[in-house]
Amino acid sequence: MTIGNDLFQGEFKENPMSNAEIINQRRIINGLDDGLMQASPLKHPWARDIFKKMQKNNWVAEEIQFQRDYEQWSNNELSETEKRAFERALAFASNLDGLLTKTLSELIKPNITSPEVCLALSRQIYEEALHVDSYSCMIEALGFDAEQIYGMYRRDQTLFYKNKTVLASVAKLGKPGFKTGTLENDKLFLEGCVTNLIFEGIFFYSAFLIFYVLGRHNKMPGSREMIQFINRDEDLHVALFVNIINTIKEEQPELWTEEVQQSFVQNIKNAIDMEVEWGLSCIGEGILGLTPVNLKQYLQFIGDLRLSAIGLPRVWKTTNPFPWLDEMTQGNMIEVNFFEGKVREYQTGTLEW
Ligand SMILES: [Fe+2]
Ligand SMILES: [Fe+2]
């Protein structure tokens, strides 16, 4: 990909285009891009809004206390089934954040021609790296054998196939020389964005739920808190991709055919089936009130949320069987820490040298 290839060709010749004309030709993909990242004024103001919200969500894993988690784990305060669910949730979530760090930077961002969307994506990529780091801090703090978590996919058939399917679903954008600008490739790119929405908006959700169910019973409270931070970040990642998808639909309506819409509904249905299967492999017959039945219902509820967010019809029409989850996940910007009774509102601090 050539940066600035549209306006920096050949020798200097005075260009009569105004700033407004250049900005008005911005598109999410295939837009006019001088490569200089002018982020104001904007064609896609929602992207900068999301970027500003992301800037407020600062945190690092070192802020989280894992002492209680370590004690609970070592003193066998968790049942074997709960431990198994925890380890499996951690294994896949850490695998997926690693994958996202790479796919966003190497497959998605190189095709984006809107500077403000690149701004938000750059922050998102940093946050995925932060998540990768935070899982390793968690694994160290809990005294886990890294092989047990990171190596799980080499011993566990279900995890192997889940990772394999996840990787295969982004392979189309990874073909050498892939470039947007043709109808076929633009459809593939849009499909790639929906795939990313599936990664961030569906495939984390069994894992998040397991950490929250344990946390609700005061088990592994530090881990639950870390997942709240990660989930808060992921909420904005989902918002960013919903906006990317919906704006590409507006800018290139020829991509949004009946056939494409049906294929995306099918992709989301397949993703929910896969996530249900994975969730069941984590919880077995159930832990702490989380059962195969309500796990499935919850994931289908999440699937409908993602479908309707991108203008597709809901499939399952179920309700959220865990209304208490709202207390842990709503109010994205302000999180009440139940155990310390203080409001956590992270703002970018002033520079101190
Ligand atoms: Fe992440
Ligand atoms: Fe994410």
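Here is a short chat about a predicted model and some of its helices and loops.

Colleague: Hi! Before we look at details, what is the mean pLDDT of the chain?
Modeller: The mean is 89, and 92% of the residues reach 70 or more. Keep in mind that this is a predicted model.

Colleague: Where does pLDDT stay under 50?
Modeller: Over residues 331-353. For that stretch the model has 22 contacts beyond four places in sequence.

Colleague: How should I read a stretch like that?
Modeller: Where pLDDT is low, the predicted coordinates should not be read in detail.

Colleague: Okay, on to helices. How do helix 4 and helix 9 cross?
Modeller: Helix 4 covers residues 80-108 and helix 9 covers residues 183-201. Their axes come within 11 Å and cross at roughly 160°. Angles over 145 degrees count as roughly antiparallel, so helix 4 is roughly antiparallel to helix 9. The crossing is left-handed.

Colleague: Which residues make that contact?
Modeller: From helix 4 you have L96, L100, L107 and I108, and from helix 9 there are G192, N196 and F199.

Colleague: And what classes do they fall into?
Modeller: Five are nonpolar, two are polar and none is charged.

Colleague: What about helix 10 and helix 12, at what angle do their axes cross?
Modeller: At roughly 35°, with the axes coming within 9 Å. Helix 12 spans residues 258-283.

Colleague: Is that crossing left-handed or right-handed?
Modeller: Right-handed. On the helix 10 side the contact uses Y205, S206 and I210, while helix 12 brings E275, W278, G279, C282 and I283. By class, that contact has five nonpolar residues, two polar ones and one charged one.

Colleague: Changing topic: what is the phi of N218?
Modeller: It is positive, about 55°, although N218 is not a glycine. I'd point that out because most residues other than glycine have a negative phi.

Colleague: Where is N218 found?
Modeller: In the loop between helix 10 (205-216) and helix 11 (221-251).

Colleague: One last residue. What about the phi of K317?
Modeller: Phi of K317 is near 55°, again a positive value in a residue other than glycine. K317 lies in the loop between helix 13 (292-309) and helix 14 (325-329).

Colleague: Is K317 buried or exposed?
Modeller: K317 is exposed, because it has 9 other C-beta atoms within 10 Å.

Conventions. Residues are numbered from 1 along each chain as its sequence is written. Chains are lettered from A and ligands numbered from 1 in the order in which they are written. This is a predicted model: local features need pLDDT of at least 70, side-chain atom pairs count only at pLDDT 80 or more; totals for chains, interfaces and linings use all residues. Helices (H or I, at least four residues) and strands (E, at least two) are DSSP runs, numbered from the N terminus. A residue is buried if 20 or more other C-beta atoms lie within 10 Å of its own, exposed if 12 or fewer, and partly exposed in between; C-beta atoms are placed from the backbone. pLDDT is the predictor's confidence in each residue, from 0 to 100. Two residues are in contact if their C-beta atoms, placed from the backbone, lie within 7 Å. Axes are lines fitted to C-alpha atoms, for helices over the stretch in contact, and angles run from 0 to 180 degrees between N-to-C directions. Angles under 35 degrees count as roughly parallel, over 145 as roughly antiparallel, 65 to 115 as roughly perpendicular and the rest as oblique. A crossing is left-handed if the near helix is turned anticlockwise from the far one by less than a right angle, and right-handed if clockwise. Ala, Val, Leu, Ile, Met, Phe, Trp, Tyr, Cys and Pro count as nonpolar, Asp, Glu, Lys and Arg as charged, and the others, Gly among them, as polar.
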